[in-house]
Amino acid sequence: MTDISKYLQYAKSQLANLDQYRLIRIVLGNEACDLDSTISACVYAYFLHSICETPNEILHLPVLNTHAFVFRLRHEVLWFLEENRSNLIFIDDINLNDLSEKGKLEIVLVDHHSLHSKLNEEVVEIIDHHQVKENSIILKDYSKIKIEPVGSCCTLIGEKLLASNRFQITNEIAYLLTGPILFDTLNFSPSAGKTTPKDKQVYEQLFTRRTIRTDDSDLYKTLRKCAGDTTGMSVQDLLQKDVKQVVGPNIRLAVSSLPSDYTVEKLIGQLHTMKDLDEFLSNNDNADGVVILSLETNDDQPKRQLGFYAKKFENMLPINEYIQRSEHNLDLRERGIPINQARLKLFEQNNAQASRKQILPLLEQFAKDFVPQNSS
Ligand SMILES: [Mn+2]
């Protein structure tokens, strides 16, 4: 068993012994729990554990910010983690509020930079590559905040580990960080526009630490293939696999990225009624609507589609007007749909470089300013 496998097994076993520790420091990925979030959490927690001088007092745990029944849809992450998948810790496996009340909790955020709950006050370190949400960070120690718009959060984790003289990057650690960097940059595809010089540079430095040189284009293709494997997935599964939420005072939107190469058009083609969409919304904190994004990578030129569905017709017009504004630069072209439903829309998104990372801040602004039209 490799060192990180042993650590993950140990970390999980310690869930039964939390009382023995003075401090529990968790490394928490984001709610979508995608490949870079998961690997960042596991590898960074392992790193912190390895360099910790008092491991009998301080326990470092990677925690996945999702539920096991949603994570089962993440075929690419499950494949990549191999046997380590059985030693993952999910958010339901640990009572963070209880630890917080006892004054024993510290949170390191990777691949996101704030929490909606009171637990945001427990954040002691942030490593992220998303655009910062206004007033969302409470942490005052700027030396503990590393936020840069690189392609993959694993690039930033890699950079941290490479800079440490107290930690040895093994073949396995280098490999684990490499997979998400390839995946998130679409194998450094120029037309996808995700790669920054730092992604390339960290990838190359990690490459020198790899004693078993696998074919990275094979690795990338397999990750994409697994991410696009929708065998047995229902419409609700397709929407649930990779979902984030945008919450404003008067509206809540789910924002779903479909599995690789599964288009919004294909999903809409599967709908006979709106029942699946309505059930999906009620399972996601009674969201008022869902924005659905897709990415096709089959050709050299990535293609994106955007769709949305609103539970109430009166919410449709403001979303529709907002999302198509030219200043947002999504370059949307509306497409017809095979079902007669005025609360559902489909667009080709001609700006193929705008991924959810760019679209989420736009929707956050929308949700913040949104006032229901029929309010009196
Ligand atoms: Mn990420």
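Helices (H or I, at least four residues) and strands (E, at least two) are DSSP runs, numbered from the N terminus. The model is predicted: local features need pLDDT of at least 70 and side-chain atom pairs count only at pLDDT 80 or more, while totals for chains, interfaces and linings use all residues. Residues are numbered from 1 along each chain as its sequence is written.

**Exercise 1. The chain as a whole**

Solution. 
- Step 1. Along its principal axes, the C-alpha trace spans about 60 × 50 × 40 Å.
- Step 2. A residue is buried if 20 or more other C-beta atoms lie within 10 Å of its own, exposed if 12 or fewer, and partly exposed in between, with C-beta atoms placed from the backbone. Of the 376 residues, 40% count as buried.
- Step 3. Two residues are in contact if their C-beta atoms, placed from the backbone, lie within 7 Å. Among contacts between residues at least 6 apart in sequence, 68% join residues at least 24 apart.

**Exercise 2. The domains**

Task: State which residues form domain 1 and domain 2, and describe the contact between these domains.

Solution. 
- Step 1. Domain bounds come from an automatic or database domain assignment. Here domain 1 covers 3-224 and domain 2 covers 235-369.
- Step 2. The C-alpha centres of domain 1 and domain 2 are 28 Å apart. Their contact takes 14 residues from domain 1 and 15 residues from domain 2.
- Step 3. Residues are classed as nonpolar (Ala, Val, Leu, Ile, Met, Phe, Trp, Tyr, Cys and Pro), charged (Asp, Glu, Lys and Arg) or polar (the others, Gly among them). On the side of domain 1 that touches domain 2 there are five nonpolar, four polar and five charged residues.
- Step 4. An unreviewed UniProt entry places the feature "domain: DHHA2" at residues 220-367; such annotations may be inferred rather than shown by experiment. That span is 33% helix and 25% strand, and its end C-alpha atoms lie 36 Å apart.

**Exercise 3. Helices α2 and α7**

Task: Find how many residues of α7 are buried, and which helices these buried residues pack against.

Solution. 
- Step 1. The expected span of a helix is 1.5 Å times one less than its number of residues. Helix α7 (residues 171-184) has 14 residues and reaches 20 Å from its first C-alpha to its last, close to the 20 Å expected.
- Step 2. In α7, 12 of the 14 residues are buried, so the helix is largely enclosed by the rest of the structure. Among them are Tyr175, Leu176, Leu177 and Phe183.
- Step 3. The buried residues of α7 pack against α1 (3-13), α2, α4 (75-81), α6 (153-163), α8 (197-207) and α9 (216-227).
- Step 4. After α7 comes Leu186, with a positive phi near 50 degrees.
- Step 5. One of the packing partners, α2 (residues 35-51), has 17 residues and reaches 24 Å, close to the 24 Å expected. Helix α2 is mostly covered, with 14 of its 17 residues buried.

**Exercise 4. Residues in loops**

Task: Decide whether Cys33 is buried or exposed, and locate Asp261, Glu148 and Ala16.

Solution. 
- Step 1. Cys33 is placed in the loop between β1 (23-28) and α2. Although Cys33 is not a glycine, its phi is positive, about 55 degrees.
- Step 2. Cys33 has 25 other C-beta atoms within 10 Å, so it is buried.
- Step 3. Asp261 belongs to the loop between β7 (252-257) and α11 (264-269). This non-glycine residue has a positive phi of about 70 degrees. Asp261 is partly exposed because 17 other C-beta atoms lie within 10 Å.
- Step 4. Glu148 is in the loop between β5 (145-147) and α6. Leaving aside neighbours within four places in sequence, Glu148 is in contact with His129 and Leu156.
- Step 5. Ala16 lies in the loop between α1 and β1. Ala16 counts as exposed because it has 8 C-beta neighbours inside 10 Å.
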